[in-house]
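Please work through each task before reading its solution.

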Amino acid sequence: MKVILKTYKYRLLPNKKQEEILARYFGAVRFVYNHFLAERKKQYDKTGKSDNYFAQAKTLTNLKKQEEYSWLKEVNSQTLQQSLRHLETAYTNFFRGNARFPRFKAKKNGGSFHIPQHCSIENGKIYIPKFKDGIKIVEHRPFKGGEVRNMTISVTSSGKYYVSILTQISYEPLQKTNAKVGIDLG
């Protein structure tokens, strides 16, 4: 039994209420990333070291309990934690010499957020946390199934929404037949 990871990308057609919730998601993910990037920069300037993902995830939990940041509770917690994971990856790549120093995220570039679990696709709609009715998709090619691993929702600067769905498909490889194949390159 072998496993293949396959990605499907579809256009989303959210209604006005869903667009507002998606805007909250994009804003909260951008805020968390920028807030903790600034915090890491400050810590590094003072002590020469900065927190890792686990310390920042704990700080995020405490931040959500504060009155002025209670709006972060409107967004799925795994999505916010995934934003911290992306920041950790950016720092790791920088210190390995594979990338430049992480930059702050800007609103003008659109945005994206990652849903690592509790997501599915059924009847031409995707279902993610906080979206009970599902968001309609333009299924320009058939979704051939498999286990949905995660989803990434993005918006372009022109206001178009897209979803990338990562699936895992198990298959049985074909048996070898020892038959010969001729290829004509002319």
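**Exercise 1.** Classify Glu88 by accessibility, then identify its salt-bridge partner and the helices involved.

*Solution.* Step 1: Glu88 has a relative accessibility of 24% and is therefore partly exposed; buried means under 20% relative accessible area, exposed over 50%, and partly exposed in between (1.4 Å probe, protein chains only). The model is predicted: local features need pLDDT of at least 70 and side-chain atom pairs pLDDT 80 or more, whereas totals for chains, interfaces and linings use all residues. Residues are numbered from 1 along each chain as its sequence is written, and side-chain values use heavy atoms, without hydrogens and water.

Step 1: Glu88 meets Arg40 in a salt bridge, at 2.4 Å from N to O; the criterion is a side-chain nitrogen of Lys or Arg within 4 Å of a carboxyl oxygen of Asp or Glu.

Step 2: Arg40 lies in helix α1 and Glu88 in helix α3, so the bridge ties together parts 48 residues apart in sequence. Helices are DSSP runs (H or I, at least four residues), numbered from the N terminus.

Step 3: Arg40 is buried, because its relative accessible area is 3%.

**Exercise 2.** Describe the salt bridge between Glu74 and Arg24.

*Solution.* Step 1: The closest N and O atoms of this pair are 3.5 Å apart.

Step 1: Glu74 sits in the loop between α2 (53-65) and α3 (77-96), while Arg24 belongs to helix α1 (residues 16-47), 50 residues apart.

Step 2: Glu74, at 41% relative accessibility, is partly exposed, and Arg24, at 42%, is partly exposed.

Note on methods
Helix = DSSP H or I, 4+ residues; strand = E, 2+ residues; numbered from the N terminus.
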